[in-house]
Amino acid sequence: MMLLDSNIIIYAAKPENIFLRQFIAENAPLVSAISYVEALGYHKLTPDEKQNLEMFFSTASTIMISQAILDRAVKLRQSRKMSLGDSFVAGTALAHDLTLVTRNTEDFKWISDLKLLNPFERSESTPHEEKSQN
């Protein structure tokens, strides 16, 4: 099972990212309650994107914040500086043993027991990624 990071939800609302909408439709990933706030609260949303997000969240399976998620988020933030939103999303994935689907894998790589998937890696050119790593 998978958990969508907020950035993937926001990217999927953009018309040019049809491959993300297909990925979501095929995999039916879960979302964190934190992503609801982060995605719908994103200040650069167009009215169409906002409407798409509202429709998405009305049908998505959302994981509410539990004590287990709070405890994981606290431990993560005690280990290393990270945003509150990222700690909740990662804590949710860890507490429910989910793969975190994110474009920002660099933000989470240090969490050894967190499984990550970047759906953009399939659609971006590998020469560009190889250059950025050197």
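Tutor: Lys50 and Glu54 both belong to helix 4, where four residues, about one turn of the helix, separate them; helices (H or I, at least four residues) and strands (E, at least two) are DSSP runs, numbered from the N terminus. An α-helix has 3.6 residues a turn, so residues three or four places apart point the same way. Lys50 and Glu54 form a salt bridge whose closest N and O atoms are 3.2 Å apart, the term meaning a side-chain nitrogen of Lys or Arg within 4 Å of a carboxyl oxygen of Asp or Glu. Lys50 is partly exposed, with a relative accessible area of 40%, and Glu54 is partly exposed at 38%. Here buried means under 20% relative accessible area, exposed over 50%, and partly exposed in between (1.4 Å probe, protein chains only).

The model is predicted: local features need pLDDT of at least 70, side-chain atom pairs count only at pLDDT 80 or more, and totals for chains, interfaces and linings use all residues. Residues are numbered from 1 along each chain as its sequence is written, and side-chain values use heavy atoms, with hydrogens and water left out.

Five salt bridges are found in a search of the whole structure. Another of them joins Lys14 to Glu49, with 3.1 Å between the closest N and O atoms. Because Lys14 lies in the loop between helix 1 and helix 2 while Glu49 is in helix 4, this pair ties together parts that are 35 residues apart in sequence. Both Lys14 and Glu49 are buried. Lys109 and Glu106 also meet through their side chains in a salt bridge (2.9 Å, N to O); Glu106 is exposed, with a relative accessible area of 58%.

Leaving aside residues up to four places away in sequence, Ile9 touches Leu4, Val31, Ser35, Ala39, Leu53, Phe56 and Phe57, a contact being heavy atoms within 4.5 Å.
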